[in-house]
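Colleague: I have a model open and some labels to check. Can we go through them one at a time, each against its definition?

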Amino acid sequence: MTYDALIPVIRRLALQAGDKIMQIYEADDFDVKVKSDSSPVTEADEAADALISAGLREAFPEILLVTEEQADSHSEKGETFLIVDPLDGTKEFINRRGDFTVNIAFVENGVPTRGVVYAPARGRMFYTRADGQAVEETGALDKDQPGALTPIAVSKPDNSALMIVASKSHRDQATEDYINKYQVRDSKSAGSSLKFCLVATGEADLYPRVGRTMEWDTAAGHAVLAGAGGDVVRFDDHTPLTYGKDGYANPFFIAYAPGVDLKEA
């Protein structure tokens with residue numbers, strides 16, 4: 001598989017999944033179930049997962065596929081794999097707040113090297129080109145013909161006036177205590193993997209996450225941020241956040257634009 005083959009497929013599948021999600025989102029009602037870990041799952045999660053999984057398995061049958069909604073895949077291990085969160089921000093979806101995303105990423109040797117993040121209710125689409133550069137696509141978002149692509153890049157941070165983005169659904173005292181170590185010009189809340197993309201576009205300088213996440217929550221956003229010149233490190237020791245860990249669970253982490261003077265945990 002080449003990056004040139006990968007990118008059109010994951011872009012198209014993200015857009016198709018977004019259409020499926022929005023059909024359910026705009027309906028009068030939709031079913032919500034509770035998974036074994038007490039997190040919610042909707043028919044939109046399941047429909048998007050089925051669509052993306054079928055498309056990836058058809059296009060790249062030789063590559064391991066790990067997806068949030070297929071528990072059997074969580075015990076699979078490999079150096080190279082595709083990882084999917086078909087609907088990140090399910091709580092945002094249920095509450096009809098719009099900050100939810102489709103996420104597909106490709107991981108090689110512990111590093112998410114390519115990915116797509118699509119926020120269908122926001123009409124925002126971010127991905128890495130085959131050459132690794134992160135872009136935002138605007139226009140009609142046609143399934144087969146990409147529109148205008150704008151290369152994106154992280155900010156040049158001013159450590160005396162930082163812009164912070166933090167979780168909308170998980171903004172707790174520990175997060176506030178860490179943010180308070182910085183000189184902050186402003187902060188905003190956003191849901192799902194959009195937070196990575198806001199750092200990638202320079203709309204924010206720093207995104208600390210002091211809370212539980214899984215690799216499928218972060219891999220695509222991490223790839224987009226890396227392709228824009230940003231970085232993601234562990235919260236505890238500022239070493240790189242790696243992928244393919246046991247159970248695909250993440251430690252706390254910090255996503256940021258290089259130039260931010262990172263504070264200790």
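Colleague: What makes the contact of the side chains of K245 and E215 a salt bridge?

Modeller: A salt bridge is a side-chain nitrogen of Lys or Arg within 4 Å of a carboxyl oxygen of Asp or Glu. The side chains of K245 and E215 meet at 3.0 Å, N to O. So the pair qualifies under that rule. K245 lies in the loop between β14 and β15, and E215 in helix α6 (residues 215–227), so the pair ties together parts that are 30 residues apart in sequence. Helices (H or I, at least four residues) and strands (E, at least two) are DSSP runs, numbered from the N terminus.

Colleague: What kind of model is this, and how are residues numbered?

Modeller: It is a predicted model: local features need pLDDT of at least 70, side-chain atom pairs count only at pLDDT 80 or more, and totals for chains, interfaces and linings use all residues. Residues are numbered from 1 along each chain as its sequence is written, and side-chain values use heavy atoms, with hydrogens and water left out.

Colleague: Are K245 and E215 buried or exposed?

Modeller: Buried means under 20% relative accessible area, exposed over 50%, partly exposed in between (1.4 Å probe, protein chains only). K245 has 18%, so K245 is buried. E215 has 0%, so E215 is buried too.

Colleague: How many salt bridges does the rule find?

Modeller: The count comes to 13. One of them joins R97 and E92, with the closest N and O atoms 3.0 Å apart. R97 is at 34%, so R97 counts as partly exposed. E92 is at 2%, so E92 is buried. Another pair is D261 and K263, at 3.4 Å. D261 has 43%, so D261 is partly exposed. K263 has 28%, so K263 is partly exposed as well. Salt bridges that share partners also join R124, E136 and E203 into one network.

Colleague: How do you know where domain 1 and domain 2 run?

Modeller: The bounds come from an automatic or database domain assignment. That assignment gives domain 1 as 3–151 and domain 2 as 162–256. Their C-alpha centres lie 19 Å apart.

Colleague: What is in contact across domain 1 and domain 2?

Modeller: Contact means heavy atoms within 4.5 Å. By that rule, 41 residues of domain 1 touch 32 residues of domain 2.

Colleague: How much area do domain 1 and domain 2 bury between them?

Modeller: About 2,500 Å², with 61% of it on carbon and sulfur atoms. Buried area is the accessible area (1.4 Å probe) that two parts lose on being put together, summed over both. In domain 1, K77, D99 and P112 lose the most area to domain 2, together 20% of what that side buries.

Colleague: Which salt bridge does K77 form?

Modeller: The side chains of K77 and D246 meet at 3.4 Å, N to O. That is within the limit, so the pair is a salt bridge. Across the interface of domain 1 and domain 2 the rule finds two salt bridges.

Colleague: What makes the approach of D99 to G191 a polar contact?

Modeller: A polar contact is a pair of N or O atoms within 3.5 Å; within protein, one must be able to donate a hydrogen and the other to accept it, and residues adjacent in sequence count only if both atoms are side-chain atoms. The backbone nitrogen of G191 lies 3.0 Å from a polar atom of the D99 side chain. D99 lies in the loop between α3 and β5. At 5%, D99 counts as buried.

Colleague: Where is T90, and why is T90 called buried?

Modeller: T90 is found in helix α3. Its relative accessible area is 11%, so T90 is buried. A polar contact of 3.0 Å joins the side chains of T90 and D45.

Colleague: What makes N109 worth a look?

Modeller: N109 has a positive phi of about 50° although it is not a glycine. Most residues other than glycine have a negative phi. N109 lies in the loop between β5 and β6. At 57%, N109 is exposed.

Colleague: Where is H238, and what is its phi?

Modeller: H238 is in the loop between β14 (231–234) and β15 (249–250). Its phi is near 60°, a positive value in a residue other than glycine. At 21%, H238 counts as partly exposed.
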